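I opened this notebook to record what I looked up in one protein model. The entries go from the whole chain to single residues.

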Amino acid sequence: MTVLVTGGAGYIGSHVVHDLIDRGERVVVLDNLATGFRIAVPAEAPLVVGDVGDGALVADLIAEHGVSAVMHFAASTVVSESVADPAAYYRNNTMGSLALFEAAVRGGVKHVVFSSTAAVYGNPVQQPVGEDVRPAPLSPYGTSKLMTETMLREIAAAAGLSYVVLRYFNVAGADPKGRIGQSSRMATHLVKAAVQAALGLRDHLDMFGTDYPTPDGTCVRDYIHVSDLSAAHLAALTYLRGGRESVTLNCGYGRGYSVREVIAAVKRVSGVDFHVAERPRRPGDPAAIVADARAMQRELSWTAAHDDIDTIVSHALAWERQLMMQA
Ligand SMILES: NC(=O)c1ccc[n+]([C@@H]2O[C@H](COP(=O)([O-])OP(=O)(O)OC[C@H]3O[C@@H](n4cnc5c(N)ncnc54)[C@H](O)[C@@H]3O)[C@@H](O)[C@H]2O)c1
């Protein structure tokens, strides 16, 4: 009954690994440490350093640890990087996932929870976005994830395994207990970057695009606290073990904040008025995207515990301060 967590040394995966261990689950982590950190993995979870695309390694690991469920976080995740080098994203995200799924089926794995993204929707006209909206990704990153969703659906149907695809909106914040957070040094995520600017780790914050058709001209996103997202993963595992059918679910709060509103929250919570530089739009960024998250609440019996932008920011700030003290 071991859970294999790919990408468990990364930001979101490491939160889920901690929460799985807290729940008494047996966990093994597979991560190539491309953007993850060995120290992010708790001692109770063995870390295998390797690539999800290495089918032989994954097969050995599944057999050795008796893996019955896979939580698949491992991926390259930067939209602008995927626009510059699409092949790298299809290789790592799509082909890597194919090798993983094949090994999982051969190894008799029963359940898969897959980290997908709101980027599969592109620039939807209808807000909030339900899972039934036709996906139309704007970037190779989004397409690489949509292709993986499709492969998983078809492979699962043929092999008789069940899955939950979780389409995350914007993930932010850190473990409220202070055990873990987002450690990537030059993250492109807004909350992390703004917190770094507030702490003087960046001399300014870049704001990309001020002429979008949104109330204040900046992009609107649905920010979900990483611990609430982690709780959704544990609920997804329980759901699958209960014999329920495969499902694709949005993960968000159903409420959007503009870039300017998030920056105001970081300034308010930190008490620092850092410099913000207005830049042109970035390719691949939709104007607004907010989740219709009712299906996740209904199917997983999930409720948010940290649905508050100031709480998200204060946890991100606390983690960034810890990182500064460790440096
Ligand atoms: N952070 C967000 O807001 C967000 C939003 C939507 C979806 N997601 C998805 O959530 C997942 C986790 O994202 P994150 O923010 O924690 O990123 P992250 O970069 O912190 O974590 C990714 C982890 O995967 C590992 N990895 C990458 N390629 C690998 C490979 N081929 N083999 C083994 N390990 C590999 C990295 O070393 C890293 O530890 C990703 O699949 C990402 O696409 C994230």
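**Entry 1: basis.** I note that this is a predicted model, in which local features need pLDDT of at least 70, side-chain atom pairs count only at pLDDT 80 or more, and totals for chains, interfaces and linings use all residues. Residues are numbered from 1 along each chain as its sequence is written, and side-chain values use heavy atoms, with hydrogens and water left out.

**Entry 2: overall form.** I looked up the secondary structure and found 10 helices and 14 strands; these are DSSP runs numbered from the N terminus, with helices (H or I) of at least four residues and strands (E) of at least two. The radius of gyration is 19 Å, close to the 20 Å of the globule rule for 327 residues, so the protein is as compact as a globular protein of that length. That radius is taken over C-alpha atoms, and the rule is 2.2 Å times the number of residues to the power 0.38. Along the principal axes, the C-alpha atoms fill a box of roughly 55 × 45 × 40 Å.

I then checked burial: 56% of the 327 residues count as buried. Buried means under 20% relative accessible area, exposed over 50%, and partly exposed in between, with a 1.4 Å probe and protein chains only. Of the contacts with a separation of 6 or more, 78% join residues 24 or more positions apart, where contact means heavy atoms within 4.5 Å.

**Entry 3: aromatic pairs.** I counted 3 aromatic pairs. Rings of Phe, Tyr and Trp (its six-membered ring) pair if their centres lie within 6.5 Å; planes under 30 degrees apart count as stacked, over 60 as edge-to-face and the rest as tilted. One of the pairs is Tyr89 with Tyr141, with centres 6.4 Å apart and planes at 85°, so it is edge-to-face. Tyr89 lies in helix H4 (residues 86-106) and Tyr141 in helix H5 (residues 140-159), so the pair ties together parts that are 52 residues apart in sequence. Tyr89 is buried at 2% relative accessible area, and Tyr141 is buried at 10%.

Tyr121 and Phe169 also pair, with ring centres 6.3 Å apart and planes at 40°, so this pair is tilted. Both Tyr121 and Phe169 are buried.

Entry 4: Which residues does His306 contact, leaving aside neighbours within four places in sequence? I listed Pro176, His225, Ser227, Asp228, Tyr253, Thr311, Ile312 and His315. His306 sits in the loop between helix H9 (294-300) and helix H10 (309-326) and is buried at 18% relative accessibility.

Tyr11 belongs to helix H1 (residues 11-22) and is buried at 12%. Beyond neighbours within four places in sequence, Tyr11 has contacts that include Val171, Gly181 and Val226.

**Entry 5: backbone exceptions.** Most residues other than glycine have a negative phi, and most peptide bonds are trans. I found a cis peptide bond from Gln127 to Pro128, with omega near -10°; Pro128 lies in the loop between E5 and H5. Leu33 has a positive phi near 60° and is partly exposed at 24%. Ser301 has a positive phi of about 50°; Ser301 is in the loop between H9 and H10 and is exposed at 63% relative accessibility.
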